[in-house]
Amino acid sequence: MTVQVSTERPVTGAAPTFLTALTSGRPAFDAWRGSSLSQSAEQPAEVARLLAFLDTEADPDAVDREGEIPPFLIARLRDLGAFRLAAGKDLGGLALSPYEVFRAVEAVASRSTAIGFMLAVHNGIGVGTSLLPTLPHGSLRDLIRRRTAEGMISGFADSEPAGQGNQWPATTADPTLDGSAYVLSGDKLFISNGPVADLLGVTVTVREEDGPRVGLAVVDTRAPGFEVRAGLEYLGVRGLPNGWLRLNGVTIPRDHVVTVPHGDPRHTPRLMSAVLTARMLIQAAPALAIARNCLRWSREFVARRRIDGIGLGEYDLIQRTLAANAADVRAMDAVVRWSLGSPAPDDRWLERMIARNLCTEACTRVVDRTVSLLGGEGLETVRSKRRRGALPVPLERAFRDARMLRTAGGVDDLVDLQTGRALLAHTADAPPPAAAHDASSGAFAATENFSARNAGHLRTLHEDLARFPAACREVAALVAGEKERPAQQFPLLLLGRIARELFGTAAVLAAAEGDGHQRLTDVHCTAARFRLRDLWARLDAPDHPDHAGIARAVLSRDRHMDDLLGL
């Protein structure tokens with residue numbers, strides 16, 4: 001038999017969630033007060049040693065330039081426990097919480113995005129983190145525990161040449177004649193950590209006599225038939241071990257394939273929860289690291305530049321740029337602490353789903369503003385800066401890395417779409433929303449600790465939350481019957497983006513009561529308010545341009561369209 005994992009949801013607490021506010025139309029601001037961790041600069045001693053090693057021995061510029069993390073560096077990272085951040089003490093790990101792992105990955109990524117990304121993949125979605133907690137006692141569990149204690153590197157191989165969104169993986173697992181093993185065949189593409197992994201989780205279609213089922217195979221990369229066909233290079237995060245993998249008749253024991261009694265192991269609550277946390281480690285942690293770096297570089301640049309004898313920081317547009325960057329960094333941090341800082345983070349699955357795009361989009365804004373602020377220095381490579389003796393700020397690299405983070409692990413638009421679909425499903429199951437709050441009533445006792453402007457932002461948040469369930473019902477009616485074809489995706493995407501802005505607003509308002517940063521809160525909430533106006537207007541628009549007709553004309557090579565576009 002294949003190994004079957006539990007499909008039960010993790011046992012969680014009763015932590016207040018943002019999903020309840022979205023589906024009920026009413027915030028629970030009193031419950032949100034103090035619901036996230038206060039920020040601490042402290043790192044465990046083991047993480048501090050890891051960072052000290054990177055500061056002295058790693059060369060991020062060389063990693064980016066050569067497109068490779070040197071083998072000696074990876075070996076030393078193993079020795080320092082970088083691949084056992086979340087593993088238990090009994091396995092030689094640090095037993096860090098998800099929030100502490102996030103902080104460690106963020107700190108590493110502030111030195112090198114590629115190294116941080118590699119650690120995030122293993123500590124987020126590697127088989128030791130995502131699969132081990134669900135396994136019953138047996139040989140597979142023993143194997144993963146033993147290899148974890150040895151400091152293995154792991155990853156998750158799902159995407160294929162045909163894409164990532166297919167229900168049935170093209171990679172197959174066929175039973176041997178005696179039924180004791182499976183033979184795996186197929187290609188996996190865009191697999192982070194694939195070229196350096198020791199064990200890989202590989203999605204497969206298990207072909208049995210009673211019919212196919214989706215399984216998750218644990219593959220030892222030393223097995224005959226496993227091949228790294230090519231290492232892949234990208235626009236950003238250069239140096240990340242990523243590859244095109246081939247399984248050409250790889251034989252693994254039967255109990256090294258994991259299935260569930262009904263359905264797909266990828267869709268079990270536990271694995272989906274692990275994926276959501278992994279997205280925060282893989283994308284949101286490097287995004288926050290990049291944004292913080294940009295804020296530091298911006299401050300240094302503005303402090304040393306003058307125009308016609310006037311310090312750069314005296315100019316209105318510069319002040320707005322710095323304030324916007326600072327507000328975005330603080331919002332990212334508040335969202336992370338809310339999403340991972342609860343004693344029961346599994347309750348906050350929606351927050352973790354939203355946080356990934358919130359952080360990568362905010363990072364994009366910060367980097368873009370910083371490039372504009374630094375002008376020529378923002379576009380210039382580190383190699384060029386070193387040639388002329390300038391401060392070697394790697395902003396050009398940060399720009400490329402930030403764009404990579406919006407696509408790696410799932411295209412950002414599709415993540416927003418998934419959020420919209422999830423919201424529709426939960427709104428349909430939620431009880432009818434209560435009557436909306438009257439903004440003039442006494443329901444806003446929480447505003448006593450806010451400035452007048454932030455009290456207004458809280459009132460507006462209440463109004464938007466009261467509006468959200470009805471918007472979900474309208475979109476649900478619009479997309480009803482569309483399951484057979486990918487139509488009406490845009491309203492779902494808009495719902496996901498609206499939810500993102502509302503969550504970011506709630507997170508910074510909740511954080512403001514703890515840290516007292518009223519001005520930063522106001523800057524973020526004001527910018528979010530303008531973004532929300534555009535999103536609501538798009539959702540409410542009675543009609544739209546004929547995007548579908550134009551797309552069909554382009555795809556059909558319509559002569560008139562080709563002539564018009566010069567194709």
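Helices, as the word is used here, are DSSP runs of H or I with at least four residues, numbered from the N terminus. The exercises below concern a predicted model.

**Exercise 1. Determine which helix gives the largest share of the lining of the second largest pocket.**

Step 1. Five helices each supply at least two residues of this lining: helix 6 (98-111), helix 7 (113-125), helix 8 (127-130), helix 9 (139-149) and helix 10 (269-304).

Step 2. The largest share, 6 residues, comes from helix 10.

Step 3. The lining as a whole has 37 residues, and Ala86, Pro98, Thr129, Ser130 and Pro133 lie nearest the centre of the pocket.

**Exercise 2. Describe the second largest pocket by its volume and by the classes of its lining residues.**

Step 1. The volume of the second largest pocket is about 750 Å³.

Step 2. Sorted by class, its lining comprises 18 nonpolar, 12 polar and 7 charged residues.

**Exercise 3. State how many helices and strands the protein chain has, and what percentage of its residues count as buried.**

Step 1. The chain contains 21 helices and 11 strands.

Step 2. Of its 567 residues, 54% count as buried, the cut-off being a relative accessible area under 20%.

Step 3. The accessible surface of the chain is about 25600 Å², and carbon and sulfur atoms hold 53% of this surface.

Step 4. Among contacts with a separation of 6 or more, 76% join residues 24 or more positions apart.

**Exercise 4. Identify the residues that touch the most other members of the largest nonpolar core, and list what Phe102 touches.**

Step 1. The largest nonpolar core has 133 residues, of which Leu22, Leu77, Phe102, Ile144, Leu395, Phe468 and Leu502 touch the most other members.

Step 2. With residues up to four places away in sequence not counted, Phe102 touches Met280, Leu281, Ala284, Ala285, Leu288, Val336 and Leu340.

Step 3. A second, separate core has 19 residues, including Ala157, Tyr182, Leu247 and Val250.

**Exercise 5. Decide whether Ala95 is buried, partly exposed or exposed, and do likewise for Asn193.**

Step 1. Ala95 is placed in the loop between helix 5 (71-79) and helix 6. Its phi is near 55 degrees, a positive value in a residue other than glycine.

Step 2. Ala95 has a relative accessibility of 39% and therefore counts as partly exposed.

Step 3. Asn193 is found in the loop between strand 4 (181-192) and strand 5 (199-208). Phi of Asn193 is near 70 degrees, again a positive value in a residue other than glycine.

Step 4. Because its relative accessibility is 0%, Asn193 counts as buried.

**Exercise 6. Locate Glu208 and name the residues with which it is in contact.**

Step 1. Glu208 belongs to strand 5.

Step 2. The relative accessible area of Glu208 is 23%, so this residue is partly exposed.

Step 3. Apart from neighbours within four places in sequence, Glu208 is in contact with Pro175, Tyr182 and Arg254.

Step 4. Pro175 and Glu208 are 33 residues apart in sequence, while their C-alpha atoms are 7.1 Å apart in space.

How values were computed. Residues numbered from 1 in each chain as written. Predicted model: local features only at pLDDT ≥ 70, side-chain atom pairs only at ≥ 80, totals over all residues. Heavy atoms only, no water. 1 Å grid on protein atoms, 1.4 Å probe; cavity = no way out; pocket = protein on both sides within 12 Å on 5 of 7 lines; lining within 4 Å. Points joined across faces, edges and corners; volume = space filled by probe spheres on them. Nonpolar A, V, L, I, M, F, W, Y, C, P; charged D, E, K, R; others polar. Core = buried A, V, L, I, M, F, W, Y, C linked by side-chain atoms within 4.5 Å. Buried < 20%, exposed > 50% of the residue type's maximum accessible area, 1.4 Å probe, protein only. Contact = heavy atoms within 4.5 Å. Areas by Shrake-Rupley, 256 points an atom, 1.4 Å probe, with all protein chains shown as cover.
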